[in-house]
Amino acid sequence: MNGVIETSLPADSALHDRRVSGDFLDCYAVDADASPREAANIITDFPEWARFLLVIRRVVTAPFGLDNDGPQSIDKVGIFPVESETETELIAGFNDKHLNFRVSVHAANGRVRLATWVSPHNLGGRIYLRLILPFHILISRNALARVSKSRPIQPQRM
């Protein structure tokens with residue numbers, strides 16, 4: 001999908017400090033000329049079909065008391081509170097009853113990476129992760145394709 005590849009989390013990502021056995025972590029990358037904040041804003045501007053999936057998620061998870069809007073925060077990308085931001089990485093996400101999750105948008109040297117870390121707390125969190133995983137992959141890859149299209153690498157002029 002538009003040059004999106006599965007890759008490893010960059011060595012300097014702050015997500016490395018969170019991961020323990022049993023956690024989920026994936027990472028996709030695309031060539032693009034964007035800062036972490038620019039890429040994160042594109043990523044969280046979901047297309048209509050993804051917004052529809054989020055509406056379904058809201059309806060299905062509401063009886064379980066799961067957070068659908070994210071906690072209040074002065075600084076957000078989409079519904080996700082920004083936890084930290086450096087020149088090369090923006091980390092956003094929050095803790096919920098069933099799991100903790102963060103996304104990392106890492107941008108350096110003409111490459112944008114989108115990584116997702118999930119730490120399930122219980123059986124409900126593990127079941128939820130399994131159910132949403134195919135949609136998560138589809139949304140992540142689509143998001144990076146949109147970043148690449150919006151912020152393509154510009155050729156060097158001599």
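Phe101 is buried, with a relative accessible area of 15%; buried means under 20%, exposed over 50% and partly exposed in between (1.4 Å probe, protein chains only). The model is predicted, with local features requiring pLDDT of at least 70 and side-chain atom pairs pLDDT 80 or more, whereas totals for chains, interfaces and linings use all residues. Residues are numbered from 1 along each chain as its sequence is written, and side-chain values use heavy atoms, without hydrogens and water.

**Exercise 1.** Determine which residues form one aromatic cluster.

*Solution.* Rings of Phe, Tyr and Trp (its six-membered ring) pair if their centres lie within 6.5 Å; planes under 30 degrees apart are stacked, over 60 edge-to-face, and the rest tilted.

Step 1. Phe94 and Phe101 are edge-to-face, at 5.0 Å centre to centre and 70° between the planes. Phe94 is buried, with a relative accessible area of 6%.

Step 2. Phe80 and Phe101 are also edge-to-face, at 5.6 Å and 80°. Phe80 is buried at 14%.

Step 3. The cluster therefore consists of Phe80, Phe94 and Phe101.

**Exercise 2.** Identify the strands that pair with S7, and state how many bridges join each to S7.

*Solution.* Strands are DSSP runs (E, at least two residues; helices are H or I, at least four), numbered from the N terminus. Two strands pair if DSSP finds at least two bridges between them.

Step 1. Strand S2 (residues 24-31) runs antiparallel to S7, with eight bridges; Val30 has Val112 as its bridge partner.
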